[in-house]
Amino acid sequence: MSRGKNDMRAVLEQNQAQQPKLEIVESVPESHSQRCPSRRGKKMAACYLGMDAYRQLKILCAETDMSIEDALKQGLNSLFIANNKPPIALN
């Protein structure tokens, strides 16, 4: 039942010969074209809010049936107008 060292060596050499050769493939960085179409050509702007301000924002959005994103864009447009800039945040 036991195999000799020569038999085992032959089996190992045969297995190594049957194994496929590995190819090194360099990863391709994710391009911007993989983004959701609605996000292409846009940049994210974020800030940290205190819990009270965040809660108030969430309540206001719920009361007005508005998303947080739309509320922030509306706020940016108000800031732009107050500083004599065109209100372009909704684009």
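Me: What pattern does the protein follow when it is read along the sequence?
Reply: The model is a predicted one, and the protein in it has three helices and zero strands. Read along the sequence, the elements therefore give the pattern α-α-α.

Me: What percentage of the 91 residues in the protein is buried?
Reply: A residue counts as buried when its relative accessible area is under 20%. The accessible surface of the protein comes to about 9,300 Å², and carbon and sulfur atoms account for 55% of that surface. Among the 91 residues of the protein, the buried share is 7%.

Me: How far apart are the end C-alpha atoms of α2, and what span should its residues give?
Reply: Helix α2 has 14 residues, and at 1.5 Å a residue these should span 20 Å. The distance between its end C-alpha atoms agrees with that expectation, because it too comes to 20 Å.

Me: How far does α3 reach from its first C-alpha to its last?
Reply: Helix α3 has 15 residues, and it takes in residues 68-82. The span expected at 1.5 Å a residue is 21 Å, and the reach in the model is close to it, at 21 Å.

Me: Which residues of α3 are buried, and against which helix do the buried residues of α3 pack?
Reply: The buried residues in α3 are Ala71, Lys73 and Asn77. They cover an arc of only 160° around the axis, which means that they sit on the same side of α3. In general, residues three or four places apart in an α-helix point the same way, because the helix has 3.6 residues a turn. The helix against which the buried residues of α3 pack is α2 (51-64).

Me: Is Asn77 buried or exposed, and what is its relative accessible area?
Reply: Asn77 is found in helix α3, and it touches Pro87, Ile88, Ala89 and Leu90 when residues up to four places away in sequence are not counted. The cut-off for a buried residue is under 20% relative accessible area. Asn77 therefore counts as buried, with a relative accessible area of 9%.

Me: Is Lys73 buried or exposed, and what is its relative accessible area?
Reply: Lys73 lies in helix α3, and its contacts, not counting residues up to four places away in sequence, include Ala89 and Leu90. Since buried means under 20%, Lys73 is buried, with a relative accessible area of 19%.

Me: How far apart in space are Ile88 and Lys73, C-alpha to C-alpha?
Reply: Ile88 has its place in the segment after α3, where, leaving aside neighbours within four places in sequence, Ile88 is in contact with Asn77 and Phe80. Ile88 and Lys73 are 15 residues apart in sequence, and their C-alpha to C-alpha distance in space is 8.8 Å.

Me: Which helix gives the most to the lining of the largest pocket?
Reply: The largest pocket holds about 920 Å³ of space. It is lined by 22 residues, of which Lys43, Met44, Ala45, Glu69 and Lys73 lie nearest its centre. Both α2 and α3 supply at least two residues each to this lining. With six residues, the helix that gives the most to it is α3.

Me: Where does Asp65 lie, and what is its phi?
Reply: Asp65 lies in the loop between α2 and α3, and it is exposed, with a relative accessible area of 75%. Most residues other than glycine have a negative phi.

Me: Is Asn84 buried or exposed, and what is its relative accessible area?
Reply: Asn84 lies in the segment after α3, and it has a positive phi of about 55° although it is not a glycine. Exposed means over 50% relative accessible area. Asn84 is therefore exposed, and its relative accessible area is 72%.

Notes:
Residues are numbered from 1 along each chain as its sequence is written. This is a predicted model: local features need pLDDT of at least 70, side-chain atom pairs count only at pLDDT 80 or more; totals for chains, interfaces and linings use all residues. Side-chain values use heavy atoms; hydrogens and water are left out. Helices (H or I, at least four residues) and strands (E, at least two) are DSSP runs, numbered from the N terminus. Buried means under 20% relative accessible area, exposed over 50%, partly exposed in between (1.4 Å probe, protein chains only). Contact means heavy atoms within 4.5 Å. Accessible areas come from the Shrake-Rupley method with a 1.4 Å probe; for residues, only the protein chains shown count as cover. The expected span of a helix is 1.5 Å times one less than its number of residues. The arc is that of the directions from the helix axis to the C-beta atoms. On a 1 Å grid over the protein atoms alone, a cavity is a set of points where a 1.4 Å probe fits but cannot get out, and a pocket is an open set with protein on both sides within 12 Å along at least five of seven lines; lining residues have an atom within 4 Å of a point. Grid points are joined across faces, edges and corners, and a volume is the space filled by probe spheres set on the points.
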